[in-house]
Amino acid sequence: MLRIAVPNKGMLSEPAWNMLAEAGYRLRSNSRQLVVEDPDNDVELFYLRPLDIAVYVGRGTIDVGITGRDLLLNSGTEAVEHMPLGFGASTFRFAAPAESPINRLEDIDGKRVASSYDKLVDDYLKARNVRADIIHLDGAVESSVQLGVADLIADVVSTGTTLRNAGLRVFADPILHSEAILIRSPRVAPDDDRLTILGRRIKGVLTAQRYVLMDYDIPVSKVAAAVEVTPGFESPTISPLHDKQWAAVRVMVPRDKVNQLMDRLYEVGARGIIVTALQASRI
């Protein structure tokens with residue numbers, strides 16, 4: 001039985017749950033349920049704190065887990081990134097007071113850096129021969145400079161609004177671009193059959209989230225032009241209609257390009273253009 005750890009709460013939890021549900025796995029029926037057995041799929045789900053998932057996978061008996069790349073690198077365990085999941089994107093950066101002379105990575109040398117990800121930051125700086133005093137803080141670190149705990153911070157940045165409100169500005173290159181990832185235990189081979197099935201199901205759901213199915217009718221004389229607009233994966237499905245001068249085309253297209261593609265197809269001569277959402281796929 002494959003043991004899977006999923007976030008019990010936090011920004012990664014709901015997308016992870018939805019992804020596994022679409023992949024056909026049984027989820028918990030209430031928030032107090034921390035373990036779910038799914039004998040039909042030969043898996044067992046464990047709802048754990050996001051901060052702990054990499055530890056359980058790297059050092060415990062959990063086979064695979066869903067967590068953030070930043071959390072994996074900060075865990076210091078031997079858990080391995082198996083595949084990116086395409087949600088929960090974030091950027092990890094240094095930030096200093098707006099009036100501070102700290103502007104470059106080299107300026108951090110000898111300074112105090114507050115972060116919730118102390119190992120990740122320490123490893124990053126040591127790899128670049130920068131010495132700093134890393135101060136671990138749980139939760140928000142934006143106030144640490146104002147309160148005299150640190151000279152600068154290293155934290156997750158989205159829009160930067162929170163940092164600006166705290167009188168901070170980002171500088172230097174990003175420390176890390178993070179996102180949700182599937183990680184595996186060092187005891188589980190990358191080609192393990194159970195992991196292969198899980199990965200195939202997840203990829204099918206992710207593909208279904210990024211693509212839609214498009215159907216349209218097109219004059220036979222303009223099929224080639226339409227196929228240039230919507231080439232699909234391998235090739236579109238083209239079927240003859242009762243009117244032999246027309247053909248029906250079915251093809252998968254990127255969800256975020258639907259309206260532009262419909263406009264282009266209409267200009268080419270396509271009519272009866274219909275878009276259908278996908279629930280799952282195997283590509």
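1. Lining of the largest pocket. In this predicted model, the residues that line the largest pocket divide into eleven nonpolar, eleven polar and nine charged. The lining comprises 31 residues, and Pro50, Leu51, Asp70, Leu71 and Tyr117 are the ones nearest the centre of the pocket. Helix 2 (50-59), helix 3 (69-75) and strand 9 (152-157) are the elements that contribute two or more residues to this lining. The volume of the largest pocket comes to about 760 Å³.

2. Position of the pocket. The largest pocket lies between domain 1 (2-87 + 178-208) and domain 2 (90-177), because both domains give residues to its lining.

3. Phe92 and Tyr117. The structure holds five aromatic pairs. In one of them, the ring centres of Phe92 and Tyr117 are 5.0 Å apart and the planes stand at 75°; the angle is over 60 degrees, so the pair counts as edge-to-face. The pair links distant parts of the chain, 25 residues apart: Phe92 belongs to strand 6 (residues 90-97), and Tyr117 to the loop between strand 7 (112-115) and helix 4 (118-126). Phe92 has a relative accessible area of 2% and is buried. Tyr117 is also buried, at 14%.

4. Tyr211 and Phe233. Here the ring centres are 4.9 Å apart and the planes are at 50°, so the pair is tilted. This pair, too, links distant parts of the chain: Tyr211 is in strand 12 (residues 211-219), while Phe233 is in the loop between helix 7 (223-229) and strand 13 (237-240), 22 residues apart. Tyr211 is partly exposed, with a relative accessibility of 24%. Phe233 is partly exposed as well, with a relative accessible area of 38%.

5. Other aromatic contacts. One aromatic cluster is formed by Phe94, Tyr124 and Phe171. Two arginines lie over the faces of tyrosine rings: Arg201 over Tyr25, at 4.8 Å from the ring centre, and Arg271 over Tyr266, at 3.7 Å from the ring centre.

6. Positive phi at Asp42. Asp42 is a residue other than glycine with a positive phi, near 60°. Its place is the loop between strand 2 (35-38) and strand 3 (43-48). With a relative accessible area of 38%, Asp42 is partly exposed.

7. Positive phi at Ala172. Phi of Ala172 is near 65°, again a positive value in a residue other than glycine. Whereas Asp42 sits in a loop, Ala172 is part of strand 10 (residues 168-178). Ala172 has a relative accessibility of 25%; this is between the limits of 20% and 50%, so the residue counts as partly exposed.

8. Arg26 and Glu37. Arg26 is in the loop between helix 1 (13-22) and strand 2. Its relative accessibility is 40%, so Arg26 counts as partly exposed. Between Arg26 and Glu37 the separation is eleven residues in sequence and 7.8 Å in space, taken from C-alpha to C-alpha.

Key. Residues are numbered from 1 along each chain as its sequence is written. This is a predicted model: local features need pLDDT of at least 70, side-chain atom pairs count only at pLDDT 80 or more; totals for chains, interfaces and linings use all residues. Side-chain values use heavy atoms; hydrogens and water are left out. On a 1 Å grid over the protein atoms alone, a cavity is a set of points where a 1.4 Å probe fits but cannot get out, and a pocket is an open set with protein on both sides within 12 Å along at least five of seven lines; lining residues have an atom within 4 Å of a point. Grid points are joined across faces, edges and corners, and a volume is the space filled by probe spheres set on the points. Helices (H or I, at least four residues) and strands (E, at least two) are DSSP runs, numbered from the N terminus. Ala, Val, Leu, Ile, Met, Phe, Trp, Tyr, Cys and Pro count as nonpolar, Asp, Glu, Lys and Arg as charged, and the others, Gly among them, as polar. Domain bounds come from an automatic or database domain assignment. Rings of Phe, Tyr and Trp (its six-membered ring) pair if their centres lie within 6.5 Å; planes under 30 degrees apart count as stacked, over 60 as edge-to-face and the rest as tilted. Buried means under 20% relative accessible area, exposed over 50%, partly exposed in between (1.4 Å probe, protein chains only). A charge sits over a ring if NZ of Lys or CZ of Arg is within 6 Å of the ring centre and within 35 degrees of the ring normal.
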